[in-house]
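Thanks for coming, everyone. Let me put the model up on the screen, and then we can walk through it together.

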Amino acid sequence: MNFFYEYGWLLFLAAEVLTWGAAVSLFFSRYFLSSRFLTHVSIVSILALTSFQLYLVGVDYYINQEVSFTQVLMILFIFYAATFGKSYISRIDRYMKEKFEKRDTSWKTYLRFL
């Protein structure tokens, strides 16, 4: 647990970067590859990384026994992603849907394994 406390910021930033990477892979697998499996894996990854970020906040609170600036900042990041980030993602989703519905998808028959 001390490892999570000592490297909390680094782990939080890594989890945030991985969360955005999972969001990009979500759109890629959903619209470019049309793979339900990879889409579900991306969604589960986003939820798991967000849960890990909440765990880091809990570890920080457990060790300090008081609310700190780190905890408040992490909660604000998660709150922003859950509220405003959700509307941005849905806006990007609509845009991607418009763009990719018009594309030729005949090459996707070769990617049945996904």
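Let's begin at Ser-68, which counts as buried because its relative accessibility is 17%; buried here means under 20% relative accessible area, exposed means over 50%, and partly exposed is in between, with a 1.4 Å probe and protein chains only. Ser-68 sits in the loop between α3 and α4. From Ser-68 to Val-57 is 11 residues in sequence and 9.6 Å in space, C-alpha to C-alpha.

A quick word on the source: this is a predicted model, where local features need pLDDT of at least 70 and side-chain atom pairs count only at pLDDT 80 or more, while totals for chains, interfaces and linings use all residues. Residues are numbered from 1 along each chain as its sequence is written, and side-chain values use heavy atoms, with hydrogens and water left out.

Now the overall picture. The protein has four helices and zero strands, and along the sequence the pattern reads α-α-α-α. Helices are DSSP runs of H or I with at least four residues, strands are E runs of at least two, and both are numbered from the N terminus. Of the 114 residues, 28% are buried.

Next, α3. This helix has 29 residues and spans 42 Å from first C-alpha to last, close to the 42 Å expected at 1.5 Å a residue; the expected span is 1.5 Å times one less than the number of residues. What happens at the N-terminal end of α3? Ser-35 caps that end, with a side-chain oxygen 3.2 Å from the backbone nitrogen of Leu-38. Ser-35 itself lies in the loop between α2 and α3 and is buried, at a relative accessible area of 2%. Just after α3, Gln-65 adopts a positive phi of about 60°.

The buried residues of α3 include Thr-39, Leu-49, Gln-53 and Asp-60. Take Gln-53 as an example: it counts as buried, with 3% relative accessibility. Leaving out residues up to four places away in sequence, Gln-53 touches Phe-12, Ala-15, Glu-16, Thr-19 and Ile-78, where contact means heavy atoms within 4.5 Å.

On to the largest nonpolar core, which has five residues: Leu-11, Phe-12, Leu-56, Val-57 and Met-74. A nonpolar core is a set of buried Ala, Val, Leu, Ile, Met, Phe, Trp, Tyr and Cys residues joined through side-chain atoms within 4.5 Å. The elements giving two or more residues to this core are α2 (8-32) and α3. Leu-11, apart from neighbours within four places in sequence, is in contact with Phe-3, Phe-4, Phe-52 and Leu-56.

Last, the aromatics. How many aromatic pairs does a search of the whole structure find? It finds two. In one, the rings of Tyr-80 and Phe-84 have centres 5.7 Å apart and planes at 40°, so the pair is tilted. For reference, rings of Phe, Tyr and Trp (its six-membered ring) pair if their centres lie within 6.5 Å; planes under 30 degrees apart are stacked, over 60 edge-to-face, and the rest tilted. Tyr-80 and Phe-84 both belong to helix α4 (residues 69-101), four residues apart, about one turn of the helix. Tyr-80 counts as partly exposed, at 39% relative accessibility, and Phe-84 also counts as partly exposed, at 47%.

Note on methods. Polar contact = N/O pair within 3.5 Å; in protein donor to acceptor, adjacent residues only side chain to side chain.
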